[in-house]
Amino acid sequence: SQKLSGVTLSNLFVTRGFVSSENAEESGKADSDVYDIIISGGGMVGTAMACSVGFDPNLQGSKILLLEAGSKKEMDKAPDVYSTRVSSISPGSATLLSLGAWDHIVNLRCKPYQKMQVWDACSDALITFDKENLQDEMAYVVENDVIVAALTKQLHALSDQVEVQYRTKVVKYTWPRPYHAVTSIPWVKVTLADGRTLKTKLLIGADGSNSMVRREAGIPTVKWNYDQSAVVAVLHLSEPTENNVAWQRFLPTGPIAMLPLSDRESSLVWSTSHQHAEELLQMDEESFVDAINSAFWSNENQSELVEAAGSLFRAALSFLMPDGTSTRQLPPSVAGVGPKSRVMFPLGMGHASEYIRHRVALIGDAAHRVHPLAGQGANLGFGDVSCLARVLSQAAFNGKDLGEMQHLLEYETERQRHNLPMMAATDLMKRLYSTNAAPMVLLRTLGIQATNALPPLKEQIIAYASK
Amino acid sequence: MYCNTFGRFACRVFRESRFQCPMNKGQGTMSKRLATWTSCKHYKQFLERHLSNLKFMGVATRLVQHVRTVSHSTLDPAEVRKFQAMANKWWDLQGDFAALHSLNDLRVPFIRDNLLNVHSVHPISKPLAGLRILDVGCGGGLLTEPLGRLGAVVLGIDPVEDNVRIAELHASHDPVLQDHVQYRACTLEELADEEEEHFDAVLASEVLEHLADLDTFIHCCHCVLKPGGSLFITTINRTQLSYVSSIVLAEWLLRIVPGGTHDWDKFITPVELERLLESSGFCVESLRGMFYNPACGAWSWQKSTAVNYALHALKQRAEPQQDHIQPESDGLDASAHTDGPHQYNIRTAGRDTHTHTT
């Protein structure tokens, strides 16, 4: 019981050691090569983190380093061909990026959309989201390459604040020893492929869903694979339209979504079984286009029982709430596919049970990985960036050591509270819509119709997803 | 309260009496400091012998215990021994000093913001750049390091050499701290001789309640501060509530701090402290109460100073001496001048006469 003296209740749960840590031989003189922050991973989220801390006034004068295994992605103007991987950027993320990068994105290429229609293949139920009067944008569709290039350009303007090393691979991380080993180096050591060793007071892991930082730190992760792969492609529409609507239809095999890229082009995200995804990739262009159009338009999956129940419910709702029903619109038809733009990748869910350790923080896909059906993957990552940047800024203003657990715990608590409900809802939606069974179909039909009839509820959903 | 005042008065009276410490007789000033801790002991015994006579006059015996030993050193040897035993545990964030670590959430912003109010604006990432700060009783450097990171040049002193060693070791790995933070194992009195009017701010955080002689301590703080410099104190009030929370709850029941860390008799009330500061040439600028929540281990500000409080005082700048008698021909009537308190009536056109006493 003597050991418990001085330990508060909250501290009892904060005893996170590392799986393995080595005793450093060197000690004594302070090394001038100690960075304040090293960000491992220069994707969208890692580069955004580097920009945020580089811009922060309280962190001026800190030594910040971004390590990226790939090469520098520069883009002076948008290429003629759209790239396949895109993200739906919420207004909240756009605000974060507005630290200069957003201007570059707008100059390069982005497409705002005002409305979203989500409907079922097994019934007539649908739900539409839109900002009032279609004035404000709901979200923006931006190519991932454009985001990275814009952030890289912004980072270039901060080159005296933030150092970037491209084509740099990390081979090993060495974690700090606990406090009582006073003679050993207290920093995180990063060993690079070329043999150099760097030290840092805080390591931020932004290295994607297969995060090496997370793995080496021994952070337990809850994860499973969906038996689904996503097929992504750039679609050419039959005729130019205003194209300011995002479409998503839940098929029994998985959701198919079309996001607007321009007047004539849209981006396809089709989550389906592995086998079907491979078939889609093998198909010739014409068959592929036919498959897409029929996926959006055909009504063969509907059962009469569900249809009857659905229309009855809809009649009741339209009686109670005249504005609560929407007419179903059809998405634009597809005429062609961008050359060599079909790609597939497997889908899964992952969540790190801890986002932080002493001197380590995870952001973006390293901390959480979601199904693309809600379009939230990148946005959750940007939310992590803005929260962590704020927390670090405040800590620096209070003279704290950046790697201290106290403020990192604040970041973890805030983000887990936001991310977990979102991930749970996404997973629930995915499971709910993965089945053809009549009771589930009925349940989700009525549920969707009811939600559609309640504007306050829809507003809540939009607000939560827009953060 | 009455006993305390009487006790202090009695102390001063006896100090001027013909007490001669047996140890100090015939010894030079060099070894005088070495002997001061023993003179504490002898003085205390002398005091007890004399004051025990007062028992028959019905004066409470706690009188003796309320009185801090008046000596030439502010150190209390028992306190020094106590901290020596705990030296290795400074940087364990969940250990014995956890409450002190979380106290930084209040005291660092308090010090930073008050210094920013007093001094001109500095680059925002290093708000305390250019300031020299002295952290008295720095311990393991818990408060010294954050202030060093904010750009100040900080000297941390502590009489316990183990603490200074731990603090130096902890700061040795960080190049930023190496440039800004320095430690010395010495007492404030030793430093006061060398570093007169050298510092922009002096911090005495969680220190006063462990001292033997407050008067000398405050006087030394006054010596080392530049005119207009700041003195920051955080300490514990001496109330019934503070006895319950700081001794009974914190030490015995909840074990937030190790048993025996604090001695209730050494706590000082804000009123006494203010009086002491103002008589030593300080002007108290702000006083705030602090509250520790043991459930979550966090501190917060509160209005009541009943338990913990923080205080910011400024060293008065020396003003040019004014003659008391300076009758000016226009408007001042010095005819009421007397030998006692000087009085003169200021008569200004159209207003009532004001009587001003110096």
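Modeller: Two strands count as paired if DSSP finds at least two bridges between them. Keep in mind that this is a predicted model.

Biologist: Which residue in strand 2 of chain A is the bridge partner of A:Ile39?

Modeller: The partner of A:Ile39 there is A:Leu66. Strand 1 (residues 34–40) and strand 2 of chain A run in the parallel sense, with 4 bridges between them. To get from strand 1 to strand 2, chain A passes through helix 2 (residues 44–55), and this β-α-β crossover is right-handed.

Biologist: Which strand does strand 2 of chain A pair with over 4 bridges, besides strand 1?

Modeller: Strand 8 (residues 162–165) of chain A pairs with strand 2, again in the parallel sense. A:Leu66 has A:Val164 as its bridge partner in strand 8.

Biologist: Which way do the side chains of strand 2 of chain A point?

Modeller: In a regular strand, side chains alternate between the two faces of the sheet. In strand 2 (residues 64–67) of chain A, A:Ile64 and A:Leu66 point one way, while A:Leu65 and A:Leu67 point the other way. All four are buried.

Biologist: Is B:Arg81 buried or exposed?

Modeller: The cut-off for exposed is over 50% relative accessible area. B:Arg81 has 56% relative accessibility, so B:Arg81 counts as exposed. B:Arg81 lies in helix 4 (residues 77–85) of chain B. Its C-alpha atom is 8.4 Å from that of B:Val160, a residue 79 positions away along the chain.

Biologist: How many helices and strands does chain A have?

Modeller: Chain A has 13 helices and 20 strands. Of its 467 residues, 54% count as buried.

Definitions and conventions. Residues are numbered from 1 along each chain as its sequence is written. Chains are lettered from A and ligands numbered from 1 in the order in which they are written. This is a predicted model: local features need pLDDT of at least 70, side-chain atom pairs count only at pLDDT 80 or more; totals for chains, interfaces and linings use all residues. Side-chain values use heavy atoms; hydrogens and water are left out. Helices (H or I, at least four residues) and strands (E, at least two) are DSSP runs, numbered from the N terminus. Buried means under 20% relative accessible area, exposed over 50%, partly exposed in between (1.4 Å probe, protein chains only). A crossover is right-handed if, with the strands pointing away from the viewer, the path from the first strand over the helix to the second runs clockwise.
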